[in-house]
Amino acid sequence: QRTTPHMLTLPGSGSLREFQDISGGGNHMLALNKRSELFAWGRNTRGQLGLAYHTQAELKPLLVASAASTDVTHLATGGYAYEYQAHSMALTA
């Protein structure tokens, strides 16, 4: 567990500077880059990362949706008072 800020890098790209939108939930993050690709990382106990599984956390950004499959325009995440309230949302054009 880290207690200080840490720069994350994406596979095949430079750095977080490529993100045009980022949203932090209770224990997870969503980020949208300039190519409308959606990335997610963090705790995934309720499927809030939008991946095919929900049993393990992801420490690095993973591609969830690409511009080829969907045109994501906005994103949002939610915190929670109870674990089952964690959520994510991505809007498409």
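Reading the terms against the values

Me: Why is Ser88 called partly exposed?
Reply: The relative accessibility of Ser88 is 30%. Buried means under 20% relative accessible area and exposed means over 50%, with partly exposed in between (1.4 Å probe, protein chains only). At 30%, Ser88 therefore counts as partly exposed.

Me: What kind of model is this, and how are its residues numbered?
Reply: This is a predicted model, in which local features need pLDDT of at least 70 and side-chain atom pairs count only at pLDDT 80 or more, while totals for chains, interfaces and linings use all residues. Residues are numbered from 1 along each chain as its sequence is written, and side-chain values use heavy atoms, with hydrogens and water left out.

Me: Where is Ser88 found?
Reply: Ser88 belongs to strand 6, which covers residues 87-92. Strands are DSSP runs of E with at least two residues, helices are runs of H or I with at least four, and both are numbered from the N terminus.

Me: What makes the link between Ser88 and His28 a polar contact?
Reply: The side chains of Ser88 and His28 are joined at 2.9 Å. A polar contact is a pair of N or O atoms within 3.5 Å; within protein, one must be able to donate a hydrogen and the other to accept it, and residues adjacent in sequence count only if both atoms are side-chain atoms.

Me: Which residues is Ser88 in contact with, leaving aside its neighbours within four places in sequence?
Reply: They are His28, Leu30, Gln48, Ala76 and Thr77. Contact here means heavy atoms within 4.5 Å.

Me: What makes strand 1 and strand 2 a pair?
Reply: Two strands pair if DSSP finds at least two bridges between them. Strand 1 and strand 2 have five bridges, in the antiparallel sense; by the definition they therefore pair.

Me: In what order do the four strands of the open sheet come?
Reply: The order is 1-2-3-4, with antiparallel pairing. Strand 1 (19-24) and strand 4 (58-65) are the edge strands, since each pairs on one side only.

Me: Why are Ser23 and Gly42 called buried?
Reply: Ser23 has a relative accessible area of 13%, so it is buried. Gly42 has 15%, so it is buried too. Ser23 lies in strand 1, and its side chain makes a polar contact with that of Thr77 at 2.8 Å. Gly42 is in strand 3, and its C-alpha atom is 5.9 Å from that of Asn27, 15 residues away along the chain.

Me: What makes up the largest nonpolar core?
Reply: Nine residues do: Leu30, Leu32, Leu38, Ala40, Leu49, Leu51, Ala65, Val72 and Leu75. At least two core residues come from each of strand 2 (28-33), strand 3 (38-42) and strand 5 (72-78). A nonpolar core is a set of buried Ala, Val, Leu, Ile, Met, Phe, Trp, Tyr and Cys residues joined through side-chain atoms within 4.5 Å. Leu49, one of the nine, touches residues including Ala40, Trp41 and Val64.

Me: How many helices and strands does the protein chain have?
Reply: It has zero helices and six strands, giving the pattern β-β-β-β-β-β along the sequence. Of its 93 residues, 31% count as buried.
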